[in-house]
Structures are given as C-alpha cells and as structure tokens.
Amino acid sequence: MNRLNPTVPADQYLADSNVLFYLNDAVIQLLEHKEEYNQFGVIRYFAEYFSSVKNSNHVLFREFNYIQATPHNRASFIRVFWKCYRQIGKSGDLLSMLEYRSLLQLLCPDFPVVLVQSAARIAVMDDTIDCLMSFSDFLYAFQLQFYYQEFLDCVLVIYQDLLAGKSPNTVIVPTSTSIEQIPSVSTEENNKEEQPQDGVEPSTLVQCIDALCDRSKHSHPPRSCMREILKQTDRISYYSFLMSLAKQEAINQTIGVLPSKAELLIDPEMDQELDKLIAQIVVSPSSNSSSSAVGGLKEVQKKASPRRNIHHRRRMEVESDGSTEETDSSEN
C-alpha cells in the first residue's frame, strides 16, 4: 500500500502496514537491551531496526509469536528458511519431517511441530509423514501452510463437514481458528478409519470456499487459483487440493518471496562469494588463512542480516549450506 496515496485514510494505512506493531516491538527491544543500544544512540537503533524489517532480516531467531504476527513477518521467515538451507536443495538431499523441524527450530526455537507436520502432509499428499522429502517440495508446501495457516485451518473444517455428509447449506463457514484447534496427526489418522477417503465434490467445496473468502479477515490464496484447481476433477481430497495449490506459480507471485521452482536453487551472488572463500582456503590452508576465510563468510552473513547487530540473545552464524556454527560466548 502506498503511504502517499491521499485516498487511503491514515488509520487504514497504519492498520494494514502494521507500523504500530513494529514500533511497539522496537520500543520493547530497546527497553530490554538499552545498555547495548546506549552505546550508539537511539536514533541509530530505530534506523537499523526498521531497515532490518524492510530488508526481511528481522525474524531470525525471534520467537514464534513474533514471526507469525504479520504477513510480512511470515513471508520474511519463508525467505530466511529458503536462503539459509538452499544448499540442501542443491545437493539433492532428501530429509524427513523431523529433520525439517530441526532446521526450522534452529531459526525459531519454539516453532511448533504441528505446522511442520501439516506442511509435510501437503508435500507427500497425506501419505505417512515419515517419507523423505526434497527441499523444494517441502519448501513450497511450507510456504502455503505457514503463510495461509488460518485460512487453511478453516478449509479443513469445511472439508471434514462435507466429508461427513453435511449439506452445503448446513456447513458452518468459520472465520478463524487457533493453532491449538488444528487436528493432530493421530486424530486425523483415526478419522481416516471412520470416514470414506474418496474426497468431496469440487463444486460444493468451491461454493463454501467462496463464502469463506467473503467472510474471513485472514489472507487467502487467489480465488482464481483455487477455482482452476477445483474445476479439473470430479472428486478431490483436502491434501490433494493443497498439494496442487502449493505448486501454483500464482502463490509465489502473491506472497512474493520465493522464485519459480526452476530458479529456486540459483543464487549467483552467494555462489560467487562462496567460491572466493573456498579458493582462499584451498590456496593457503594455514590456520591464519582459514580464519580469514571464515571471517569473510561471517562478514557476508552480517551484511545479509543487519538485525544481528542489535540483537545478541542468540549468537549463532547460519551458514549458507544449512549448517550452524555457534560463536564463542566469551566477551573480550
């Protein structure tokens, strides 16, 4: 939204841009760490804080309640996850749900496992979540699940009502659900044994989804995208619907942080920096040169994440290949 647009009321702009949320968080962080920030001044602190928000570097190592608080935070966290672990995709490694959970919790220690499970079930289309998944499959499923979490929870409630045989006229279209209300994996497995799993009629589901979009205040995928998927089949299950959604390029364009699958693992700038560092180590493998190379890598990461300069609660370096390296906690 353009803040200079005279047709947008100031109150609406503040609400839609979440400026007050970030200002409140900035003040809280300042008060909690004022001894650190007094060294370089309050003005510089606020400048760096909002610069990190603008550059999407502000969510690293923050608590889950913070990273899910705004659409921008969610998109930023998806971008950080992709950037940090892109090398996993380049190497072609297949990981389990538990391994992806561990990677996510390195970036956000209290990231809930239920969201990782839901993303994994989208990636494998409701097969056992113990299956190994490629990085790209999990990433696009995770993007859909995390960014549209509340909306998808509501769609699941509608789908289960339709699957139970309720008439569309009697299905209650919810407006929101909390994370505690997401059905657990064990609950859904029990439901599989009690209900037929041949899916529901797409025409009925799209009717309910349209009603949900009209009433929900949460972000939702483009309606044209959902309608296009639902008109291509006679019956559809919840997870096959979400898997098709996760593969839609329109989802990437709407959220605006991930490239297409063909370009997902391409990052020439970072590859060039890594090649330079590797060349330094190969040419002169002495301890001094190695230290210099590692220091160069940390400098690259510092530029990519200015937020780290003002928040030191977790002194951890995130390597581009997905590994983490804890720094010395002692201070000189």
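**View 1. Helix H2 and the nonpolar patch.** Helix H2, spanning residues 19-32, is the top contributor to the nonpolar patch, with 4 residues. (Helices are DSSP runs of H or I with at least four residues, strands are E runs of at least two, and both are numbered from the N terminus.) The patch covers about 490 Å² of surface and is built from Leu14, Leu20, Leu23, Val27, Leu31 and Phe50. To join such a patch, a residue needs over 30% relative accessible area and no salt bridge, with nonpolar side chains (Val, Leu, Ile, Met, Phe, Trp, Tyr) joined within 5 Å and like charges within 9 Å. A salt bridge puts a side-chain nitrogen of Lys or Arg within 4 Å of a carboxyl oxygen of Asp or Glu.

This is a predicted model, where local features need pLDDT of at least 70 and side-chain atom pairs pLDDT 80 or more, while totals for chains, interfaces and linings use all residues. Residues are numbered from 1 along each chain as its sequence is written, and side-chain values use heavy atoms, without hydrogens or water.

**View 2. Leucine 20.** Leucine 20 sits in helix H2. Leucine 20 counts as exposed because its relative accessible area is 52% (exposed is over 50%, buried under 20%, partly exposed in between, using a 1.4 Å probe and protein chains only).

**View 3. Glutamine 145.** Now look at helix H9, residues 135-147, which holds glutamine 145. Glutamine 145 is buried, since its relative accessibility is 4%. Beyond neighbours within four places in sequence, glutamine 145 is in contact with Leu115, Ser118, Ala119, Ile122, Leu152 and Asp153 (contact means heavy atoms within 4.5 Å).

Key. Areas by Shrake-Rupley, 256 points an atom, 1.4 Å probe, with all protein chains shown as cover.
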